[in-house]
Structure formats: C-alpha cells, structure tokens
Amino acid sequence: MSLIYPPQSLQAHPLNASPEYKSTLKRAPSQPLILLPHTLSETTGPVFGHVGVAEGDSDLTRQHEGEPLGERIIVTGRVLDEDGRPVPHTLVEIWQANAAGRYVHVRDQHPAPLDPNFTGAGRAVTDADGRYRFVTVKPGAYPWRNHHNAWRPAHIHFSLFGASFLSRVITQMYFPGDPLFKYDPIFQSVTDEKARDRLVSRFDIDTTEPEWALGYQFDIVLRGRNATPLEEPHDH
Amino acid sequence: MTIETKAETTLGITPSQTIGPFFAYALTPRAYGGPELATEQVATDGIAGERIRVEGTVYDGDGLPVGDAMIEIWQADPQGRFHASGNAGFTGFGRAETTSEGRYFFETVRPGGLPGPGGARQAPHLTVSVFARGVLVRLATRIYFSDEAANDGDPVLALVPAGRRDTLIAQRGGDGVFRFDICLQGESETVFFEA
Ligand SMILES: [Fe+2]
C-alpha cells in the first residue's frame with residue numbers, strides 16, 4: 001500500500017519565522033522554500049522495528065535504583081495517519097524535564113534539583129494497532145529567558161518517523177488546562193486553534209490506574225493518506 | 001493511472017514543535033552513556049562502495065555556529081536502492097549532533113543515482129533534515145556531490161534558481177572530504193525544500 005502526502009496538510013505546522021519565539025530570529029530561513037517533488041528519497045525512510053529499543057525503555061520510572069520523585073503518570077495513545085489508520089511498529093522517542101522542571105542535559109542551568117533516579121529519556125515501538133505507552137513522572141514547568149518571566153508549560157518532547165521522511169516529525173505534548181499556554185510563544189507558534197489543541201493530551205480516568213498513576217491519552221497524527229491506484233480501463 | 005484518496009474525512013496532522021536545546025541525552029546520547037539509535041557512521045562493515053566523509057558547520061543568520069542542532073541523513077546504497085529495514089546491512093540512516101562549534105560529519109558510502117519525476121534520473125544525493133532550538137519545523141535539504149556529472153541533469157537541482165544551486169553541492173577538498181556547510185539564514189542561505 002502506498003501513501004500520498006497532500007501538501008495542504010503542512011498548514012497545521014507553525015511557520016519557522018515566528019518572531020515571538022526569539023531563537024527563530026536568526027535561525028529561520030529568509031528565502032522561500034522550494035517545492036520538492038516526492039521522489040523515492042522522500043517517500044522512503046528508516047524502519048527500526050524493535051532495533052535499539054530495549055525492554056523497559058518505555059518505563060522512565062524504572063531506569064535507576066530508586067523511584068523518581070514526582071507525580072507518576074501513564075502517557076499512552078495511538079499513532080495514526082491522516083486517514084485515521086494506525087501506524088504500526090513505528091518508533092516513538094521521548095524526552096522531558098524531571099518533576100522539578102530540570103533536564104539532565106549538561107547545558108540546563110535552571111537552579112532546580114536533578115533527580116538521581118530520573119533521566120527522562122524513553123523509547124517505544126507502536127503495536128499492531130498503532131498504540132504506544134509510557135510510564136513516567138509529570139514534568140515540571142521551567143523558565144527559559146525568551147522574554148521577561150518566560151516559563152514553558154509542562155511538556156514531553158516526542159520524535160516520530162512514520163512511513164517515510166515526509167511523515168518525520170518532532171513535536172511536544174502538553175497537559176490539559178495549563179495556565180501557561182497563552183504566554184508560551186512555542187505553543188502559540190501553531191496559529192490554528194484546532195491544530196494547537198492536537199498538541200494537548202487528554203486526562204483519561206480509564207487510563208488512570210487506582211492507587212498508582214494518572215493517565216493521559218495523546219494520539220499523534222502523521223502525514224500520509226491512502227493512495228488508491230485505479231486500474232487502467234481494460235481496452236480489450 | 002489516476003490517484004484518488006478514499007477517506008472522505010481526514011484527521012489533521014499533529015503540528016511540529018522545536019526539538020529545543022536539550023535533546024542530546026535522548027536522541028544523540030553518546031556523552032550520557034545512553035544507547036544510540038543511529039550515529040554519524042552510516043557505512044557499516046562489509047558494505048561495498050566508495051567510502052566518503054561529509055563534514056561541515058551549521059551557521060545562523062549572524063554567521064555564528066549553531067551548537068545545538070541535530071542533523072539526520074537518509075540515502076540510497078551505491079546501487080541506488082533504499083533499504084526497507086534497518087535490521088541488517090546498510091540502513092542508509094545517520095544522525096549527528098553538532099558540536100559546540102556547530103560542526104558535524106558523516107562517514108558513509110557514496111549513494112547511487114535514482115529514478116526521478118518524469119523519467120529523469122536523479123543525481124546521487126543525501127536527504128538531509130535539520131532540527132535545532134529556534135527551528136519549529138524540520139528543515140529539509142539535500143547534499144549533492146561536486147564531482148558528479150549527473151548533477152547537470154538532476155530534476156530537483158533544476159528547480160533551484162541557478163545562483164543558489166551551489167548551496168546544495170558539497171565541494172570535495174584535496175583531502176577527499178566533502179565539505180557542506182548549512183546556513184540557516186543570510187546571504188549564503190542553504191536552499192531548503194517544502195516536501
Ligand atoms: Fe523542553
């Protein structure tokens with residue numbers, strides 16, 4: 001089965017030139033993008049399967065000797081294409097700050113404590129139904145100096161491949177009702193409200209496990225629609 | 001052959017967001033001791049073909065190095081074949097983080113030419129994605145090679161204004177290394193594609 005990638009779908013993305021997010025000012029291309037035909041270089045992509053994904057990579061609370069501090073959560077959902085069909089056996093990589101809003105990254109200087117029991121990196125491969133599931137702790141908000149009193153709403157970074165390089169996306173998942181949304185130029189760089197809502201996970205009582213962890217559902221829709229080649233009319 | 005889409009309604013795609021500055025411990029975690037999905041070593045042992053090294057620096061609009069970018073490449077093998085699976089042999093996929101000086105490299109094999117639109121042959125090239133803090137949506141570009149005669153007939157290079165084509169062509173130095181700088185913005189801005 002082959003996929004097509006209608007260019008209109010790209011309108012959901014932010015513009016790289018989003019000046020409220022200051023780091024874009026010197027990093028967004030100033031020349032117009034050149035429309036690229038979809039050749040084999042674009043319509044193919046790496047397939048990872050379970051290569052590089054170890055048992056336990058999807059449970060970020062069990063990567064160290066002790067348990068991390070913070071609010072334990074389950075983040076699960078389905079990876080779908082634009083027709084709503086599951087994208088099975090595709091790699092999902094995530095990374096996040098700890099419950100205090102601090103990243104393990106060496107260049108994170110936010111004076112909030114590191115947690116010796118939390119790295120904040122995870123990987124999973126979707127099942128036949130396109131579903132993934134992570135166990136982690138809820139990341140904290142953190143300051144980032146983009147403007148006076150700038151704080152990122154709590155988020156988890158997601159990286160996905162899908163069927164080809166045309167479906168490759170890196171994004172961020174947010175939590176419902178965050179009061180920081182309206183002040184965050186990265187979240188607001190997605191100008192269409194409906195598209196922006198697709199970045200926000202949904203609290204789900206049925207995903208929530210009693211006496212253990214809150215559950216959030218986050219479905220991810222990748223580019224790609226079903227291309228149905230119609231047979232040439234029979235001329236005999 | 002006609003192409004039509006079946007579904008009446010479609011779901012909107014999940015919008016892109018920046019990779020941010022702190023991805024390394026998850027996506028390029030060598031310095032953190034984490035398992036690497038892919039590295040700058042694309043040519044694995046036993047893969048036939050001409051070994052090449054491509055290196056360069058990523059610059060911003062002020063000409064300053066971008067020390068927190070991730071570059072991914074994707075390519076055909078020397079016979080022009082893409083591998084459907086990374087489970088064995090040549091994956092054709094590489095991933096590198098820029099150094100604090102904005103530098104990156106890949107060691108791989110020279111890809112073969114490929115079929116292109118309208119029956120035209122595409123010259124050998126690497127497909128490149130650039131992610132960085134301050135980049136909200138993946139920047140797509142290509143690396144062609146200065147010593148390939150097929151560049152002249154390449155249907156994608158032909159879409160690029162002649163004056164900017166050079167930004168897509170890695171120049172081979174006397175040491176045999178292909179040099180390809182990526183300028184996100186400014187006078188020598190690299191050509192980026194809407195794909
Ligand atoms: Fe972040």
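Trainee: Why is the site of the iron ion called irregular?

Mentor: Its four donor atoms make angles of 93 to 163°. Tetrahedral needs all angles between 85 and 135 degrees; square planar (four) and octahedral (six) need opposite donors over 155 degrees apart and all others between 65 and 115; anything else is irregular. The angles reach 163°, so the site is not tetrahedral, and it is classed as irregular.

Mentor: This is a predicted model: local features need pLDDT of at least 70, side-chain atom pairs count only at pLDDT 80 or more, and totals for chains, interfaces and linings use all residues. Residues are numbered from 1 along each chain as written, chains are lettered from A and ligands numbered from 1 in written order, and side-chain values use heavy atoms, without hydrogens and water.

Trainee: What makes the coordinating atoms of the iron ion donors?

Mentor: A donor is an N, O or S atom within 2.8 Å of the metal (3.2 Å for Na, K and Ca); water is not among the atoms, so sites may look incomplete. A:Tyr103 (OH), A:Tyr142 (OH), A:His155 (NE2) and A:His157 (NE2) lie at 1.9 to 2.2 Å. They therefore qualify. Their spacing along the chain is Y-x38-Y-x12-H-x1-H.

Trainee: Why are A:Tyr103 and A:His157 called buried?

Mentor: Buried means under 20% relative accessible area, exposed over 50%, partly exposed in between (1.4 Å probe, protein chains only). Both A:Tyr103 and A:His157 are classed as buried, so each falls under 20%.
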